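Have the sequence and the 3D view open as you read.

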Amino acid sequence: MTSGRTLVVTIMDIPCESADPTTALHIIRAALKEGHNVRVFAYGGAINLTTKTQQSPANPVQETSVEEEQQTAAKDRAASLFQLAKQQGVKLDWVNCGLCVDDKEAEDGPEGLRLVGPRDLVDASLASDATMVILVPAK
């Protein structure tokens with residue numbers, strides 16, 4: 001059962017750099033499970049959350065391999081969200097900042113991924129029921 005409500009989530013952090021992207025993916029999953037439509041805007045390093053060439057990390061500190069770590073790559077977690085949205089009968093619209101993609105030469109996103117500009121975030125936020133922005137913390 002869908003609620004008809006839409007949540008916009010903006011993510012700016014790089015996969016595996018902090019807990020922010022993982023937290024955002026959990027929030028998106030929860031919103032989809034509750035029957036909400038979600039629009040994700042990935043800016044900065046977050047455009048790498050969906051790159052096809054992304055691989056799960058090894059852990060050189062603990063001297064464990066990728067297989068031993070058994071971590072799911074962010075791209076696979078993001079892909080599972082699209083499957084969940086389909087199962088729930090809601091819409092997940094994931095877009096990447098076109099300027100960021102050009103700057104980082106990260107054009108290997110999944111099929112159907114759209115590239116947008118900052119104005120699209122403003123328009124989507126105005127048309128949504130709620131907007132959440134997850135920023136990179138100052139260092």
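## A walk through the sheet and its neighbours

Asn96 stands opposite Leu115 in strand 4. Strands here are DSSP runs of E with at least two residues, helices are runs of H or I with at least four residues, and both are numbered from the N terminus. Before going on, please keep in mind that this is a predicted model, in which local features need pLDDT of at least 70 and side-chain atom pairs count only at pLDDT 80 or more, while totals for chains, interfaces and linings use all residues. Residues are numbered from 1 along each chain as its sequence is written, and side-chain values use heavy atoms, with hydrogens and water left out.

Strand 3 and strand 4 run parallel and are joined by three bridges. They belong to an open sheet of five strands in the order 4-3-2-1-5, with parallel pairing; two strands pair if DSSP finds at least two bridges between them. Strand 4 (114-116) and strand 5 are at the edges with a single partner strand each, so one side of each has no neighbour in the sheet.

Now to helix 1. Which residues of helix 1 are buried? They are Pro21, Ala24, Leu25, Ile28, Ala31 and Leu32. These residues lie on the same side of helix 1, because they cover an arc of only 125° around the axis, taken from the directions from the helix axis to the C-beta atoms. His26 and Lys33, on the other side, are exposed. Buried means under 20% relative accessible area, exposed over 50%, and partly exposed in between (1.4 Å probe, protein chains only).

The buried residues of helix 1 pack against several elements, among them strand 1 (6-11), strand 2 (37-42) and helix 3 (74-88). Contact means heavy atoms within 4.5 Å. After helix 1 comes Gly35, with a positive phi near 90°.

| Residue | Relative accessibility |
|---|---|
| Thr10 | 2% |
| Cys97 | 3% |
| Cys100 | 16% |

Thr10 lies in strand 1. Leaving out residues up to four places away in sequence, Thr10 touches Phe41, Tyr43, Leu121, Met132, Val133 and Ile134.

How many disulfides does the structure hold? There are zero, a disulfide being a pair of cysteine sulfur atoms within 2.5 Å. The sulfur of Cys97 is 3.2 Å from the closest cysteine sulfur, in Cys100, which is too far for a bond.
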